[in-house]
Structures are given as structure tokens and as C-alpha cells.
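Let's walk through this structure together, one region at a time. Keep the viewer open and follow along as we go.

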Amino acid sequence: MMWVLGLAQVVAAQTPRADILIRNGRLYDGTGNAWIIGDVAVRAGRIEAVGRLPADYPAETVLDARGLAVAPGFIDVHTHIEDDELRQPTADNFIYDGVTTVITGNCGSSRLDLRRYFQVIDSARISVNVASLIGHGNVRKAVLGRARRGPSEEELRRMEALVDSAMRAGAVGLSSGLIYVPGTYARTPELVRLARVAARHGGLYATHMRNEGDSVAFALEEALRVGREAALPVQISHLKLSGPQNWGRTAGLLERLETARRVGQEVTIDQYPYTASSTYALRLRYLLDSISRGQQPTAAIDKYLQVERARYPASTYLMYFTSSHDINSWDGTEYERLGPDAQTQAVLTALLPGIPMVYSGQEAALKKRLRFFDKDTIPWNDYPLQDFYTRLLQLKKRHPALRNGDPCSQFTRLPSPTGTYAFARKKDEAAVLTFVNLTNKPQTVTLPATAAGRFQDVFSAATVELEPQQKLTVPAHGWRVLEKQAAQTTP
Ligand SMILES: [Zn+2]
């Protein structure tokens with residue numbers, strides 16, 4: 001007995017002590033092999049041994065992973081982390097999901113000076129490994145600005161030089177975002193030329209394709225062509241099919257990818273890990289812009305809502321807003337586009353059945369267009385509209401009549417003069433009445449008999465008693481929002 005023990009001590013003395021020993025886990029090695037039950041010893045940040053390790057394997061800390069999966073850290077290939085890495089260098093959001101390496105610079109948008117970017121990453125001691133693509137959009141913008149044309153040969157050489165220096169700095173490939181400005185102005189040969197530079201350094205081509213809806217098949221062919229002509233692997237970013245008319249075309253797309261792979265082209269895809277995508281109600285935005293310019297009647301909103309309901313399943317709601325990243329930068333702030341209707345329209349878009357969105361700086365009444373591809377500053381000025389948006393969004397959040405997708409809640413359009421829009425949203429006794437006036441004089445709405453009762457004005461907090469057929473005046477470019485809570489039931 002003494003002898004056996006003595007031998008075990010010799011073995012233990014020869015095996016370097018592990019910092020961490022993970023016992024009895026279900027080991028997935030990441031190559032696609034079937035799992036095995038086993039142990040993993042880690043020392044000085046490296047895996048020292050894997051398999052059925054002796055019971056007396058020396059270790060500082062032993063973790064029992066019985067019933068749990070043990071896998072190498074996951075790689076998140078699409079993150080857009082720029083600007084967040086310094087805010088949260090511990091990257092808990094990734095670490096807790098098991099992600100230990102992230103790729104950024106996707107969709108044509110990265111830091112242009114990657115050498116400096118990697119220095120920043122290193123000095124911030126971020127918990128995850130970071131790799132970046134070089135964004136075609138940034139390369140193009142550095143040479144051509146936002147010019148809507150192809151590059152001259154000389155310009156293209158400068159773009160190639162930028163890709164070359166990014167690849168030398170350690171970029172893992174070239175990314176494109178062909179729905180965005182200025183990526184969308186590039187034709188395929190330009191992408192091929194730049195992808196060839198990435199190929200020389202062993203990089204890949206990752207693309208947010210030119211189209212992810214009706215023309216997705218053409219967009220996919222373009223991506224494959226870049227891969228073939230530049231001789232490098234292609235990664236289709238967030239492969240999707242948007243628009244209900246395209247749902248179900250997945251099989252055809254995957255078949256095309258399989259065919260490409262069968263004939264030897266290296267092409268892979270990634271996807272969002274959720275089935276939904278959220279999107280702006282851009283059609284509504286353009287419609288509301290033209291209503292405020294006096295080019296469309298408010299009645300066009302009814303037609304829009306009907307069309308939207310017919311286009312999407314009943315459980316689908318779009319994001320309604322008065323400003324967004326794209327709209328603010330390219331079309332102008334809500335004050336430029338909507339003038340005195342800016343807040344009135346915010347009320348309308350927050351309370352119609354949809355998902356309200358407030359864009360950065362709106363609570364500061366931001367009067368400038370933010371730069372699109374570069375970091376920009378918002379002057380917050382003590383948040384002049386904080387109270388306005390807080391009241392509006394808290395109402396949306398707390399009021400039962402405003403909950404989307406509740407089959408018991410009703411949306412009723414109330415008759416109102418041209419240039420105004422009035423509606424009731426009701427759930428049992430609870431109701432919200434919204435009146436917006438997009439004209440430059442006061443307007444009077446006669447309420448239907450069913451709207452009678454005791455309400456509270458959401459913005460003035462005053463109590464309002466509504467008689468049947470009550471007349472309500474709404475100031476020019478103004479709004480009234482009245483709410484009624486369900487009768488309190490005492491337990
Ligand atoms: Zn993208």
C-alpha cells in the first residue's frame with residue numbers, strides 16, 4: 001500500500017501542476033467530431049492535456065463539469081464592436097456567451113488605420129481576441145469621398161495600397177457593404193481588384209451583399225464572382241431573405257452555395273442567431289415627410305397602415321420614428337425635414353401600432369446631421385426634450401391599450417379635419433386618444449359619443465372630462481394625448 005502511494009506521488013511530481021483542471025465534461029473539440037466525456041488541464045493559459053486524466057492529476061483548481069459541455073471559445077464573426085471595446089474591455093457580453101474571439105470591420109465599415117486600431121485594442125487589454133476586416137467603404141471614402149462613380153486607375157491603385165497596408169497590419173480580409181453609401185457605388189471589377197490584394201495576404205472577402213430581398217440571387221452571384229476572380233474565400237454576411245414575398249427562397253440559395261462548394265469554390269455564410277430582423281418603416285417615414293411638406297393628405301396614413309398590415313403577418317410590427325442614422329445623415333434632422341411638425345410627428349409615430357424608435361440625440365433636440373461613417377459628437381445641452389420623450393415612451397410602455405399584438409386591443413381611426421390625424425386605442429375600459437395637428441392653424445375635432453369619460457392629459461397631467469360629442473381644439477402643429485386607465489378593482 002505504501003509502495004502504490006509512493007508511485008502515485010512520483011507521477012504527480014513529474015506532471016506539471018495545472019492551474020485549472022476541468023473534470024468529466026462533455027468535450028466538443030470544435031472540429032465537428034462527436035463529443036467525448038473527458039478532462040481538460042489548463043496551465044499558463046494553454047491546454048496542457050485532454051482526455052481521461054489520472055485521478056491524482058495535480059491542479060490548483062478543479063472544476064466539475066459533469067453534465068456540462070466543454071468547448072473551445074466561440075468565434076463571433078460579425079460584431080461591429082468599434083467604439084464599444086474601450087467602454088467595456090472586459091467584454092462580459094461575449095465572455096458569458098462563450099465567445100473568446102470576435103471579428104469586426106464587417107459590412108464595408110472598419111477603422112482605416114488598422115495598425116493604430118490594433119495598438120488601441122492591445123493597450124486596452126480586452127478580454128476577447130479581436131480580429132478586423134478592412135472595410136471597402138472606408139477605403140473608397142478615403143480616396144473618392146462620397147462620389148457616385150467608379151475610380152480612375154490611379155484612384156484604384158491608391159485604394160489597393162490602402163487595402164495592402166491594412167492587410168500588412170493584420171487584417172483578416174476585405175469586407176464590403178454594398179447597400180451602403182459609398183459601397184453601393186462600387187461595381188464588381190473594383191471589388192475584384194481590391195479583393196485580389198486581400199487574397200495576396202491570405203485574406204477572405206466578407207460581404208453584406210448588394211441585395212438581401214428580391215434581387216438576392218444576383219447579389220449572391222456577384223459575391224461568388226468576386227471570390228472566383230480574386231481567388232479567395234467568400235463569406236456571405238448575415239444571409240437572409242427580407243420581404244415576405246421572398247420567404248421560402250432559402251432552399252434555392254443554399255442549393256446555389258452547395259453547388260459553388262461542390263465545384264471547389266470556398267464559400268461560407270453566417271446568420272443572425274435569431275429569426276427576426278427589425279427594420280425601419282421607411283415608407284411611412286417618406287410618407288410623413290411629404291405630409292409635412294403638404295404634398296400628401298393625412299388620409300394617406302390610413303392607406304399606408306392598410307398596406308402594411310397586408311404586407312406583414314399580424315404579429316409583425318415595424319419601427320416608427322422621426323429620425324434614424326440614415327435619415328439624419330442623408331436626408332436631414334427632423335427639424336430640417338418636418339419643421340414645426342417634428343415633435344407632433346414624434347407623438348404620432350410613438351402611439352400608432354408599431355415599435356417607436358428614438359434616435360441618438362433626439363432627446364437633446366439635435367439640430368445637426370451626424371457624420372455617417374465617423375465618430376461624431378452630440379451636444380446634449382441638458383436634454384431639452386428628455387421630459388417629452390420620457391412621457392411619450394413611458395405611456396407607450398405602461399398603457400395596456402398601446403400594447404402591440406394584443407388581440408383584445410382595438411385601433412379606431414377617429415374622424416378629423418384634413419391635415420390632422422386622430423385615433424383611439426382601447427383595451428376594455430382603458431383607452432388612449434391621440435390627436436395630432438400637422439397644419440399651421442388650430443383645428444377642432446368632434447369626439448364620437450363612445451369617447452366620453454374622465455381622461456388625463458398625458459402632457460399637462462390635467463384631468464379632462466369628455467362629454468359625448470365633445471369638441472376638442474388642437475393648436476397648430478400641436479397634439480393632445482388623453483389617457484384613461486382601466487377602472488381600479490379593489491381586491
Ligand atoms: Zn451588414
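**A pair of helices**

Helix 13 and helix 14 are roughly parallel to each other, a label given to angles under 35 degrees, while over 145 counts as roughly antiparallel, 65 to 115 as roughly perpendicular and the rest as oblique. Before going further, please keep in mind that this is a predicted model, in which local features need pLDDT of at least 70, side-chain atom pairs count only at pLDDT 80 or more, and totals for chains, interfaces and linings use all residues. Residues are numbered from 1 along each chain as its sequence is written. Helices (H or I, at least four residues) and strands (E, at least two) are DSSP runs, numbered from the N terminus.

The axes of helix 13 (residues 342–351) and helix 14 (residues 386–398) cross at roughly 15° and come within 10 Å. Such axes are lines fitted to C-alpha atoms, for helices over the stretch in contact, with angles running from 0 to 180 degrees between N-to-C directions.

Which residues in helix 13 meet helix 14? They are Gln-343, Ala-346, Val-347, Ala-350 and Leu-351, and they meet Phe-388, Leu-392, Leu-393 and Lys-396 in helix 14; contact here is C-beta atoms, placed from the backbone, within 7 Å. The residues of this contact comprise seven nonpolar, one polar and one charged.

Helix 13 is largely enclosed by the rest of the structure, because 10 of its 10 residues are buried. Buried stands for 20 or more other C-beta atoms within 10 Å of a residue's own, exposed for 12 or fewer, and partly exposed for anything in between.

**Strand 1 and its partners**

Now turn to strand 1 (residues 18–27), which runs parallel to strand 4 (residues 59–64) and is joined to it by five bridges. Two strands pair if DSSP finds at least two bridges between them. In strand 4, Thr-61 is the bridge partner of Ile-20.

With strand 2 (residues 36–43), strand 1 pairs in the antiparallel sense over six bridges, and Gly-25 stands opposite Gly-38 in strand 2. Strand 5 (residues 69–70) pairs with strand 1 in the parallel sense over two bridges; Ala-69 in strand 5 has Arg-26 opposite.

**A lysine in a loop**

Finally, find Lys-240 in the loop between strand 12 (234–236) and helix 8 (250–262). Lys-240 counts as partly exposed because it has 18 C-beta neighbours inside 10 Å. Lys-240 and Asp-270 lie 30 residues apart in sequence and 9.4 Å apart in space, C-alpha to C-alpha.

Technical notes
Contact = placed C-beta atoms within 7 Å. Nonpolar A, V, L, I, M, F, W, Y, C, P; charged D, E, K, R; others polar.
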